[in-house]
Amino acid sequence: MKHVFSILALLLSLAVASCGSGEEFNINGTVKGLGNQSLQLVYYADGAVVTKNSTTNNGAFSFKGSSSNPVIAEIYAGGEGLIGRVVVQNGDKLDCEFDKSNIYNPNISGTIANEEWSKFLHDNSSVLASGNTAQINQL
């Protein structure tokens with residue numbers, strides 16, 4: 001688990017280095033197997049927890065938000081739980097593909113931090129999905 005937190009810290013550092021510009025971020029994507037449902041984007045920015053809502057259209061969604069600093073944002077589907085996580089800050093434009101049956105199989109593009117996060121999840125999906133804390137802590 002120590003390495004997972006190190007990876008997250010690295011991702012946030014990469015996001016800071018990329019220094020997005022603009023007054024908001026955009027996240028567009030799809031969730032395989034979701035259909036039409038409500039999604040929530042939840043993140044902590046500027047001293048408060050922020051929640052944004054979106055309704056999927058055949059799994060397609062779009063969020064806009066604002067954070068002057070890089071934050072980890074989580075996407076939830078009502079009744080389905082966590083769909084995925086991304087690192088965002090103002091100026092970012094992310095394209096995401098999630099699979100509701102496997103949160104460790106995302107395809108996220110738009111920033112180096114998210115591309116590295118997506119690769120980490122792909123490369124370690126079987127260990128992460130196993131829930132074996134001893135193996136996860138070895139990552």
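A word on the model before we start: it is predicted, local features need pLDDT of at least 70, side-chain atom pairs count only at pLDDT 80 or more, and totals for chains, interfaces and linings use all residues. Residues are numbered from 1 along each chain as its sequence is written, and side-chain values use heavy atoms, with hydrogens and water left out.

So what counts here? A salt bridge is a side-chain nitrogen of Lys or Arg within 4 Å of a carboxyl oxygen of Asp or Glu. That rule gives 3 salt bridges.

Let's begin with E24 and K64, whose closest N and O atoms are 3.9 Å apart. E24 sits in the loop between α1 (2-18) and β1 (25-32), while K64 is in strand β4 (residues 60-65), so this pair ties together parts that are 40 residues apart in sequence. Helices (H or I, at least four residues) and strands (E, at least two) are DSSP runs, numbered from the N terminus.

For reference, buried means under 20% relative accessible area, exposed over 50%, and partly exposed in between (1.4 Å probe, protein chains only).

Next, R85 meets E74 at 2.7 Å, N to O. Strand β6 (residues 81-88) holds R85 and strand β5 (residues 71-77) holds E74, so the pair ties together parts 11 residues apart in sequence.

Finally, D123 and K119 have their closest N and O atoms 2.6 Å apart. Both lie in helix α2 (residues 112-123), 4 residues apart, about one turn of the helix. D123 counts as exposed at 51%, whereas K119 is partly exposed at 46%.
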